[in-house]
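Subject: Structure handover

Hello,

Here is the structure for you to look over. My notes on what turned up follow below it.

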Amino acid sequence: MSEKLKHLSQNEIENLIKEYYAGESIAALISRYNIDVLPSQLVKAFPPKILPQVCGYCGGQVVEAYSSKSSRYANPVFCIRCDHKLQGYCNCNGCRQIAHQAAIEQAEQEAAKKQIVAARFAEILEANRPDAVDYDTLTFEQKVYLGAVLRAGISEDYSLLLPFEKMHSSVAPTDSFTNEIIHSLTKEAPILLISPVSHFSSYGQKGDGNFYYHPDKVTWELNLYKDGMNKVPLMDLIMNPSIMEASSDDKFRMWQKNALEEVLQDLTYSVEALLKTDSPAGEKTKTVFSALLRDYSTSQIYGIIYNSINQALRYKAETNIPNKRAANSVVGNAQSYGERALANGWVINKRSRKRELPISAISNFFFGKVLGIGDKGFTEKPTLEMCS
Ligand SMILES: [Zn+2]
Ligand SMILES: [Zn+2]
């Protein structure tokens with residue numbers, strides 16, 4: 001019972017409450033009943049209604065408090081001992097414990113479900129496990145790709161290969177090249193197998209019961225052997241090839257391909273950063289830059305791209321054309337600049353890699369270990385002579 005009403009009898013209090021809700025003026029009630037309270041506080045002084053229930057948590061008395069007659073909400077109903085609220089959201093100790101328990105149970109159920117799915121996934125992988133691939137049947141490309149990815153992400157004990165998206169360096173200059181590498185090492189030949197230890201978020205079961213997986217997120221195992229060679233020397237052979245038997249043509253083609261990917265990477269990054277729009281990356285773009293790579297090194301083409309983007313930015317500033325159109329002019333600029341430079345004997349300055357685009361695992365491995373020319377793979381134009 002509130003201190004403010006202790007001079008009133010039970011009857012008087014009941015009448016006071018009745019008159020309050022009947023619409024009597026608050027000022028009149030305060031004066032008639034001689035209550036020492038601010039008008040806005042009167043309703044708070046009403047003793048709560050005792051309800052014929054006890055609290056489910058603590059057995060305490062459940063009451064209904066009065067709220068202002070202008071209130072749009074139902075009167076609060078709660079336990080006077082533990083403050084548990086019987087309507088709406090409640091954050092009392094009892095309710096918090098129940099929510100906590102429910103969360104634990106749900107997590108346990110989910111973990112159990114995941115375990116069942118993981119076990120089924122492992123079963124399917126095992127049932128469909130292809131025969132190990134003979135190292136000696138690998139193509140030159142596959143050997144290069146494999147060496148690069150193993151260097152970027154094989155575990156200390158050589159048993160597992162990190163998911164591509166988690167490797168120490170980016171595998172290839174562009175995503176499409178990375179996908180090509182994954183395809184070559186998994187679909188063209190089952191050199192890499194999905195490991196059952198893959199993180200649960202990297203695969204899942206579809207409605208029809210079949211499984212799907214994210215090729216850049218799953219963990220891999222190596223499915224490879226070489227007659228007369230144990231795992232450790234085989235790994236060494238793949239990652240540190242002293243001689244890779246391949247034709248100069250194969251090496252030259254790989255250099256051209258990788259150089260083109262590095263050019264496209266720089267182009268895409270520069271156009272997106274400076275012109276805030278997608279870079280042209282269609283067949284025409286590839287043809288133009290492939291042709292330029294016959295006369296220029298990757299680092300010189302970075303210089304040509306730098307120059308062409310400057311030109312496009314200037315064109316945009318002068319004519320106020322949309323970014324998209326300015327971006328579309330970049331490839332044409334590069335082509336004519338490269339051709340004029342060649343015809344006029346201009347020197348095209350080399351530019352280095354951008355800090356944001358460090359050398360990829362494939363470039364590092366191919367230029368460093370396969371061709372053995374290191375930075376020249378970037379600063380010299382691809383030639384057949386350098387591949388022999
Ligand atoms: Zn209670
Ligand atoms: Zn509660």
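A definition first: pLDDT is the predictor's confidence in each residue, from 0 to 100. You will need it, because this is a predicted model.

**Confidence**

The protein averages a pLDDT of 93. A score of at least 70 is reached by 99% of the residues. Confidence is lowest in helix α3 (residues 42–45), where the mean is 91. Strand β4 (residues 133–134) has the highest, at 98.

Two packed helices are described by the angle between their axes and the distance between the axes. Here are two such pairs.

Start with α5 (residues 140–153) and α6 (residues 175–188). Their axes come within 10 Å and cross at roughly 110 degrees. That angle makes α5 roughly perpendicular to α6. From α5, the contact uses Glu141, Gln142, Tyr145, Leu146 and Val149. From α6, Ile181, Ser184 and Leu185 take part. By class, this contact has 5 nonpolar, 2 polar and 1 charged residues.

Now α5 with helix α7 (residues 231–239). The axes are 8 Å apart, and the packing angle is about 110 degrees. Angles of 65 to 115 degrees count as roughly perpendicular, so α5 and α7 are roughly perpendicular to each other. On the α5 side, the contact is made by Leu146, Gly147, Leu150 and Arg151. On the α7 side are Met235, Ile238 and Met239.

Strands of a sheet pair through backbone hydrogen bonds, either parallel or antiparallel. In this model, 3 strands form an open sheet in the order β1-β2-β3, with antiparallel pairing. The edge strands are β1 (49–54) and β3 (77–79), each pairing on one side only. From one strand to the next, the twist averages 35 degrees. Strand β2 (residues 61–64) is joined to β3 by 3 bridges. Val63 stands opposite Phe78 in β3.

**Positive phi**

Most residues other than glycine have a negative phi. Two residues to check against that:

- Tyr158 has a positive phi, near 60 degrees. Tyr158 sits in the loop between α5 and α6. With 15 other C-beta atoms within 10 Å, Tyr158 is partly exposed.
- Lys276 has a positive phi too, near 50 degrees. Lys276 is in the loop between α8 (248–275) and α9. Lys276 counts as exposed, because 11 C-beta neighbours lie inside 10 Å and the cut-off for exposed is 12 or fewer.

**Tyr296**

Is Tyr296 buried or exposed? Tyr296 is buried, because 24 other C-beta atoms lie within 10 Å and the cut-off for buried is 20 or more. Tyr296 lies in the loop between α9 (283–292) and α10 (298–319).

Which residues does Tyr296 touch, leaving aside neighbours within four places in sequence? Tyr296 is in contact with Ile301, Ile304, Gly338, Ile348 and Lys381.

Best wishes

Conventions: Residues numbered from 1 in each chain as written. Chains lettered and ligands numbered in written order. Predicted model: local features only at pLDDT ≥ 70, side-chain atom pairs only at ≥ 80, totals over all residues. Helix = DSSP H or I, 4+ residues; strand = E, 2+ residues; numbered from the N terminus. Contact = placed C-beta atoms within 7 Å. Axes fitted to C-alpha atoms, helices over the stretch in contact; angles between N-to-C directions. Parallel < 35°, antiparallel > 145°, perpendicular 65-115°, else oblique. Nonpolar A, V, L, I, M, F, W, Y, C, P; charged D, E, K, R; others polar. Pairing = 2+ DSSP bridges.
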